[in-house]
Every structure is written in structure tokens, then in C-alpha cells.
Amino acid sequence: MVPAVKICVEAVSKTFGTKDAVTALAGVDLAVNAGEFVSIVGPSGCGKSTLLYMLGGFLPPSGGKLLVDGNAVRKPGVDRGIVFQEYALFPWLTVYENIAYGLRMLKRPPEQIKATVQRYIDVIGLAGFEQRFPRELSGGMKQRVALARTFVYEPEILLLDEPFGALDAQTREIMQDELLRLWQSSRMTVLMVTHDVNEAVYLSDRVCVMSKRPGRIVEEFKVVLDRKPGREALVLSEAYTSIRNAVWLSVRHQVL
Ligand SMILES: Nc1ncnc2c1ncn2[C@@H]1O[C@H](COP(=O)(O)OP(=O)(O)OP(=O)(O)O)[C@@H](O)[C@H]1O
Ligand SMILES: [Mg+2]
């Protein structure tokens, strides 16, 4: 059976401004199958966030096509949950209400909202902070709320922009494993931008490497790993280290 293409990016380019124009992306081609987990790695400023904003429907492309389920992306939608690089919480809502927001929009029953939000507050380790506002939180705490706010309503597509960048090593592993668990149970389609090659290989089915600006996808690595034995065994395995090294070399080649 041929898997269904969920996200299709065809020859997409993006130029900002008219005079002193900056071409962020030029000729990006990418297809992500339904249920697939794909990561994008590449040099800073190569247009990774720009690509996610366009797929989120927040920014139009200058050229090319962005399709979700075969339809052109025109505006944001509940089918696509996005976690921004700079968290983007609602400053006027508490931690609890920020996380509950998507479920309220989807008109889920109050009891279900309460139970799901509480479960996520425990997962992100913020019990006791339910009634705090974003301005009262550290960067890492805000990032955890942003992740919970998007994970909680299980959108068909997750667009993640360096979602774990502000977290300490331990919390990052907890949140990565939570993402893996969620993805395995819901089979949502995930497109994640990260600087962390280990993270990309640990989580993804496929890792795409982008060139320097103007960015396009220059190399792809299929990641076939048996994740059942758990993190420790996996990161020590030869299969893992060899893919990790190959991706790392490719990224290094683009950066230098
Ligand atoms: N709104 C904007 N107006 C003008 N230029 C922009 C705008 N947004 C992004 N750019 C430019 O487009 C290029 C790509 O930016 P983008 O944020 O997508 O990069 P990135 O790959 O996400 O970088 P990083 O890894 O540092 O997050 C950069 O040169 C940036 O300066
Ligand atoms: Mg970025």
C-alpha cells in the first residue's frame, strides 16, 4: 500500500521585502506521509522557521505550492498544531487556561477538558503553577506549557520549531519521550525543526538537511531503528550512531 501524502511542499520559495530583499527559501521540495515523523536540520537563518510558518498558514509563499491533504494552505487551522520557537503563549491566560484553550475551541466536554489538562500539567511538571501567568514563568516553563497546549488536543499535524531548545537536559528527555509516546499512540504527522542532530535521529523516521540561505533540502536520511529497547540501549547501538554521524557530517558540510 502506498502511504498517503499528508504534507506536500513543491518548489517553494520565500523572499522578504522588495529593496534589500532577503531570499530565505528557494526551491524547497518535501513530502511528508500521513503518520510520519520528519525532522529538518540546517544552519541558522536558512529558513526553517519560515517554512513552518508557511505550513501553519501564517505566511504566504512567494512561489511554489504548499498542500495539506491535497489542499493549498491559506490560513491557520485546528488540523495543524504549531509550537513556535519563541513559545507564543496567551499572556492574559493562566497556565491552565493556555493548555485548555484548544480543547475549549473544539468544544470538548468540561470533565474531559479538566482531566486532560490536569494530566498534561503533571507530565510537564507544573503542578501547583496552574493559576500562574506566562510572565511569572521561566523560559523553560513557558516552553513546556507551549508543548502541552499543542499536544493536548492531538492535532492531525504537529509543526514543532525547536520545541525543546529552552529545556535542561533531563526535562528535554522527558518531553522527547512524551512526544514519542503521543506520536506512537495517535499516529499524527509530525514535522519538527531542530538544531540537535541526536534529537532528530532519536525521534524521527526521516531527517532532512537544509542548505544555507536560501534554504532548500539537500539531503535526506531514512532512520530505521528499533525503539522498543528504550533510550539507553538505542543511543549506544551501532545503527543509531552510524545514522547520527552521517547526519552530523552532512549538517557540518552545510554550515561550513
Ligand atoms: N519577517 C521577516 N522579514 C524579513 N526577513 C525575515 C523575516 N523572517 C525571516 N527573515 C529572514 O529570513 C531568513 C530565514 O529566517 P528563519 O527564521 O526562517 O531562519 P531559521 O532557519 O529558522 O533560523 P534559526 O535556526 O536561527 O531559527 C533569515 O535571513 C531572516 O533574517
Ligand atoms: Mg528558526
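**Close-up views of the ligand site and the cores**

View 1. A backbone N or O atom of Gly45 lies 2.8 Å from an oxygen atom of ligand 1, a polar contact being a pair of N or O atoms within 3.5 Å.

**View 2. The shell around ligand 1.** The ligand is surrounded by 14 residues, each with a heavy atom within 4 Å of it, and the closest are Ser44, Gly45, Lys48, Ser49 and Thr50. Helix H1 (48-56) and strand S2 (22-33) each supply at least two residues, with H1 giving the most, three (DSSP runs of at least four residues for helices, H or I, and at least two for strands, E).

**View 3. The largest nonpolar core.** Among its 52 residues, Ile99, Val201 and Val247 touch the most other members; such a core joins buried Ala, Val, Leu, Ile, Met, Phe, Trp, Tyr and Cys residues through side-chain atoms within 4.5 Å, buried meaning under 20% relative accessible area (1.4 Å probe, protein chains only). Helix H4 (residues 139-151) provides the largest share of this core, six residues.

Residues are numbered from 1 along each chain as its sequence is written, and chains are lettered from A and ligands numbered from 1 in the order in which they are written. In this predicted model, local features need pLDDT of at least 70, side-chain atom pairs count only at pLDDT 80 or more, and totals for chains, interfaces and linings use all residues, while side-chain values use heavy atoms, with hydrogens and water left out.

Note on methods:
Buried < 20%, exposed > 50% of the residue type's maximum accessible area, 1.4 Å probe, protein only. Polar contact = N/O pair within 3.5 Å; in protein donor to acceptor, adjacent residues only side chain to side chain.
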